[in-house]
Amino acid sequence: MSLLAYTPSAAQRRRAAYRRRQTVRSVLVAAASTATLGTLLVLAVTGAPGWDRVRESFLDPAIARDALPAVLSGLWLNIRLLVLCAAGALLLGLLVALLRTLRGPVFFPVRALAAGYTYTFRGLPLIIVLYVLTLGVPGLRLQGMPPVLVLGGLALVLTYGGYLAEVFRAGIESIHPSQLAAARSLGLTYRQTMRHVVLPQAVRRVAPPLLNDVVALQKDVGLVSLAGPIDAVRAAQIATAQTFNYTPYILAGVLFVLLAIPLIAVTDWVTLRAARRQSGG
Amino acid sequence: MAVLTCRGLRKEFGGHVVLDGLDLTVAEHQVVALIGASGSGKSTLLRCVNLLEELDDGTIELDGEEISDPRVDPDRVRRRIGMVFQSYNLFPHLTVLQNVTLAPRRVHRRARADAEAQARDLLDRVGLGAKADAYPDRLSGGQQQRVAIVRALANQPRLMLLDEVTSALDPELVGEVLAMIRDLKADGMTMVLATHEMGFAREVADQVCFLDSGRVVEAGPPGQVLGEPTQPRTRQFLRRIIEAGRL
Ligand SMILES: Nc1ncnc2c1ncn2[C@@H]1O[C@H](COP(=O)(O)OP(=O)(O)OP(=O)(O)O)[C@@H](O)[C@H]1O
Ligand SMILES: [Mg+2]
């Protein structure tokens, strides 16, 4: 940088002033159009002939307040399941993806097993896995059978592990062979190459789709309630059955969205950062 | 004693014979330049020496040890050979310093401080000390290639294999990389380099080998091979190079 004081030219100052004016204009236009659209929407909905009926059966504050404790305790189950299952599925997915990259005849059975797993569990509907594990397996009456919640969690981990394994594998295979050649030429072993060169790049590249699957998992963890445990949606269902009012569902829905917002925000941020890095900016 | 001895190397890709009974000997402190048309097998030869390709026949000895023996651990061989690629192949997720210290730390199990001190010293010597903490995508092509050479040197190799290390560079950046190779020669490094820079081969090489049809067709001091070639195919190749204005 020059040590002489720099003064922008008249042309540059005119440009800067113009850009500032444009920015202010854009903000005003956006605010005005948002306000107009919002008003129209509110008028259309509240002016609808059935609005009062709908408000009573879906948006009753008293019922929401009564249902809140039950729905919240259900949501706590969702959150715990989400954290544990996401961690389990990420680990399982990474492990399976790594096993599928092993070369050599010794590893044939491992590769075949890993491939069979991803094919099976990506094809099987989650509900069927859940029923088999939570209803079928306890039927065996084996000693030391884990509780239904653990079995349900296992179903989620197995199903999502299959998806995540494919995401990880796509990432690993996207790393150019010249990176492997460079690492091996330095004397790094296959494992060191994976650990220090391939995986760090691969995981960075597939972080957005991985997080996207975690957001999807968040909605699916509630399905364990099919086997008995009470999650937020099931709690809302019970409350609805008692009051014949659908407000608890809306409550649960709002809580789910609130829970998802930070996760989705992180996903967007990571995606943006990955895109920036890709373009070398 | 010879650092590298290749005897009767054969390599084919799906029936297409690339190396066909190739012989090559490189003495200690010697610089050997491989020249030849595109597709003549220069890169393939270097990759075979570094055991990145499996041979179809022939033997390779490094310091008298047969490294083409399948019982030899290739990782142990590769850490004694430094290789530099046309496309640099730096690790984009690691800083310059981390690129250079990766092998010393993970392969040679040197302490981090120790490896970093050595790396900074090497980087300083080639004028890249200020870039130690930069990521590769912030460097010019010439700087990236010099880092790649430093990364290979950090292993303190017996032999350096350089595969057209200036071909991907803008003309004004070629000089800085060639200067570095000149310094390596002055330090007595044994090197095999594939190159299209005939002027540089003439200046830096002790021996020039012309590859054609998978063999070394003509080998000798640069003045002889590039100046008074005896083989018709060498003459033909050089004529084409001169016509293209590259000599
Ligand atoms: N992995 C591979 N699979 C199939 N064919 C290959 C492979 N690697 C190299 N070849 C072929 O082997 C031949 C020699 O390639 P090589 O890269 O060694 O030539 P080169 O002398 O280095 O050429 P250049 O000067 O263009 O770099 C080429 O015909 C190439 O197509
Ligand atoms: Mg080549």
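This is a predicted model: local features need pLDDT of at least 70, side-chain atom pairs count only at pLDDT 80 or more; totals for chains, interfaces and linings use all residues.
Over all chains, the count of salt bridges comes to 23, and one of these links chain A to chain B.

**The interface of chain A and chain B**

- The contact between the chains brings together 20 residues of chain A and 25 residues of chain B, and the area buried between them is about 1,900 Å², with carbon and sulfur atoms giving 56% of it.
- Of the area that chain A buries against chain B, 31% is supplied by Ser185(A), Leu186(A) and His196(A), which is more than any other three residues supply.
- The salt bridge count between the two chains is one, and a salt bridge joins the side chains of Arg184(A) and Asp75(B), with a distance of 3.2 Å from N to O.
- On the side of chain A that touches chain B, helix 7 and helix 8 of chain A are the elements that give two or more residues, and helix 7 gives the most, with seven residues.
- That side of chain A divides by residue type into seven nonpolar, 10 polar and three charged residues.

**The largest pocket**

- The largest pocket has a volume of about 1,100 Å³, and its lining is made up of 33 residues, among which Arg103(A), Arg184(A), Tyr190(A), Leu52(B) and Arg78(B) lie nearest the centre of the pocket.
- By residue type, the lining of the largest pocket divides into 21 nonpolar, two polar and 10 charged residues.

**The largest cavity**

- The structure holds one cavity of 30 Å³ or more, and the volume of the largest cavity is about 70 Å³.
- The residues that line the largest cavity include Leu162(B), Val165(B), Leu178(B), Ile181(B), His196(B) and Phe200(B), and helix 6 (171–186) and strand 8 (190–194) of chain B each supply at least two residues of the lining.
- Seven nonpolar, four polar and one charged residue make up the lining of the largest cavity.

**Local details within each chain**

- In chain A, Arg169(A) and Glu173(A) form a salt bridge whose closest N and O atoms are 3.5 Å apart, and the two residues are separated by about one helical turn because they stand four residues apart in helix 6 of chain A.
- In chain B, Gln143(B) belongs to helix 5, which covers residues 141–153, and the side chain of Gln143(B) reaches the backbone nitrogen of Ser140(B) at 3.0 Å.
- Apart from its neighbours within four places in sequence, Gln143(B) is in contact with Leu128(B), Lys131(B) and Glu176(B).

Conventions:
Residues are numbered from 1 along each chain as its sequence is written. Chains are lettered from A and ligands numbered from 1 in the order in which they are written. Side-chain values use heavy atoms; hydrogens and water are left out. On a 1 Å grid over the protein atoms alone, a cavity is a set of points where a 1.4 Å probe fits but cannot get out, and a pocket is an open set with protein on both sides within 12 Å along at least five of seven lines; lining residues have an atom within 4 Å of a point. Grid points are joined across faces, edges and corners, and a volume is the space filled by probe spheres set on the points. Ala, Val, Leu, Ile, Met, Phe, Trp, Tyr, Cys and Pro count as nonpolar, Asp, Glu, Lys and Arg as charged, and the others, Gly among them, as polar. Contact means heavy atoms within 4.5 Å. Buried area is the accessible area (1.4 Å probe) that two parts lose on being put together, summed over both. A salt bridge is a side-chain nitrogen of Lys or Arg within 4 Å of a carboxyl oxygen of Asp or Glu. A polar contact is a pair of N or O atoms within 3.5 Å; within protein, one must be able to donate a hydrogen and the other to accept it, and residues adjacent in sequence count only if both atoms are side-chain atoms.
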